[in-house]
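User: Could you walk me through reading helix packing, sheets and aromatic pairs in a model like this one?
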Amino acid sequence: MADADDLSHEQTEKLVQFQDLTGIEDMNRCRGILERHSWNIEAAVQDTFNEREGVPQVFAQQNSRNREMEREPQVNTHPVNQRVFAVPRRVQPQGLIQWSSYWLFFPFRFFYSTIFDIFRFFFRLLRPDPRRHVTDPLGDVMRFISSFETKYGLTHPVFYQGTYSQALNDAKRELRFLLVYLHGDDHQDTDSFCRNTLCNSEVTNFFNSRLLFWACNTGSPEGYRVSQALKENTYPFLGLIVLRENRMTAVARIEGPIGPSDLVRRIEGVMRENEASLVAARAEREERQFNQTLRQEQDAAYLESLRADQEKERKRKEERDRQEAERQKELHQAAEQLRLLEERERQKEELVKQIPPEPALDDPEAIRIVLKTPNGKRLERRFCKNQSSKFLYYFVFCHEECPDDFQIVTNFPRRVLECQPTADVPDPPSLKELGLGKSEMLFIHDNEA
């Protein structure tokens, strides 16, 4: 990364200020963080602190839409035990001349303030206050921060760059104190308070390390809305808000000019008094998160056990289906085999009727054929030599001692007699055409053996 020499004077001041606020010694790292936040020091410091605490970044772009849609939590603005610090403005005349001047101009001041209040009352009746319509709350906050830095410089507490609703939600989510500052431009103590108190290094360091700090001008719609909610009496006004008894509560109000040390002391005292509520809220949240995590683990274990049981049931069902399919297949095969057997028996009954009668012994056309079965038995029958050899095949096929799938072969030379009728050759050659003599010895060959 380039050296700091190529930075402008304003960027160099912001770099040094960022190092002082965050305590990061690496200048290149500080510059990188500032550049990622477009040299917006408030945004960079806030995100750095959030990152250290392990909470979501306040100014993350991807969460801006969801943050704008967050509902503003209700705030108990006047609890019973609220600490109220009303700091009177000590402007007391001294000497004869000042007392004389004070009493001399008192009627004029009274008359002027009274007439001004009456005029403002009727003016408000005729023309509604435009501040009642909040259209750009974030813009109101950003414009106040910009005007504050222009007038008072960059040395000040880190302003929360978000709406009042977002600040309340972050304080509730992170269990942190939220300090609200309402800026009244017209008040005579505002300028002195900003220069001498808010821009004081003691106040800046304390605010940046201990709480969230939100501020806005009451002349803007967003500041006016918060002013109506908190109902301040005078300026400068500071309100300390924290989560107490599950509700955001304004635990302290500081109204009037106050010095840096006194401000830090008073706020620190109120924070110490209310720290117990944050400790209890953290403990309750941790217990709730622990119970939630435990339930999630139990649900995960239950789902895992359920999935295991479902997997076992699925495998058992698959095994039952497989066994049932095999059983059905076996039954089908057995039925098919029985059908084929019955069909074969029916076919045998029909074929046996087609075999011509056996010729006489002295018939000159007769051929004596001896058939030897695979089990060694001998079958003998006479056929006419001019008859088709299919009748020889029918005789063997229909005989109970012969196999259903067979061939008829000669012994020597060995050859297969083509005597089985087919669709292409429904009438095989005659016995004479097959070359059989007056007496033949043939063998039945079992094709399935």
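Analyst: Let's begin with a helix contact: Phe 148, Lys 151 and Tyr 152 in H6 meet Thr 190, Asp 191, Cys 194, Arg 195 and Leu 198 in H8. By class, this contact of H6 with H8 has four nonpolar, one polar and three charged residues. Please keep in mind that the model is predicted.

User: How are helices H6 and H8 oriented to each other, and how do I read that?

Analyst: In general, two packed helices are described by the angle between their axes and the distance between the axes. Here, the axes of H6 (residues 137-152) and H8 (residues 190-198) come within 11 Å and cross at roughly 80 degrees. Angles of 65 to 115 degrees count as roughly perpendicular, so H6 and H8 are roughly perpendicular to each other.

User: At what angle do H11 and H12 pack?

Analyst: Helix H11 (residues 260-354) packs with H12 at about 135 degrees, and their axes are 9 Å apart. H11 and H12 are therefore oblique to each other, and their crossing is left-handed. On the H11 side, the contact involves Arg 344, Gln 347, Lys 348, Leu 351, Val 352 and Gln 354, which meet Phe 391, Tyr 394, Phe 397 and Cys 398 in H12. Sorted by class, the contact of H11 with H12 has six nonpolar, two polar and two charged residues.

User: Now the sheet, please. What is the order of the four strands?

Analyst: The order is E8-E7-E10-E9, in an open sheet with mixed pairing. Strands E8 (378-384) and E9 (406-410) stand at the edges with a single partner strand each, so one side of each is left without a neighbour in the sheet. From one strand to the next, the twist averages 30 degrees.

User: In which sense do E7 and E10 pair?

Analyst: E7 (residues 366-372) and E10 (residues 439-446) pair in the parallel sense, over five bridges. For a landmark, find Lys 372, which stands opposite Phe 443 in E10. Helix H12 (residues 390-398) packs on this sheet, touching E7, E8, E9 and E10, and its direction makes about 125 degrees with that of E9.

User: And how many aromatic pairs are there in the whole structure?

Analyst: A search finds 14. The rings of Tyr 164 and Trp 214, for instance, have centres 5.4 Å apart and planes at 55 degrees, so this pair is tilted.

User: Which parts does the pair of Tyr 164 and Trp 214 tie together?

Analyst: Tyr 164 lies in helix H7 (residues 164-174) and Trp 214 in strand E4 (residues 211-217), so the pair ties together parts that are 50 residues apart in sequence.

Methods
Residues numbered from 1 in each chain as written. Predicted model: local features only at pLDDT ≥ 70, side-chain atom pairs only at ≥ 80, totals over all residues. Heavy atoms only, no water. Pairing = 2+ DSSP bridges. Helix = DSSP H or I, 4+ residues; strand = E, 2+ residues; numbered from the N terminus. Axes fitted to C-alpha atoms, helices over the stretch in contact; angles between N-to-C directions. Contact = heavy atoms within 4.5 Å. Parallel < 35°, antiparallel > 145°, perpendicular 65-115°, else oblique. Left-handed = near helix turned anticlockwise from the far one by under 90°. Nonpolar A, V, L, I, M, F, W, Y, C, P; charged D, E, K, R; others polar. Phe/Tyr/Trp six-rings, centres within 6.5 Å; stacked < 30°, edge-to-face > 60°.
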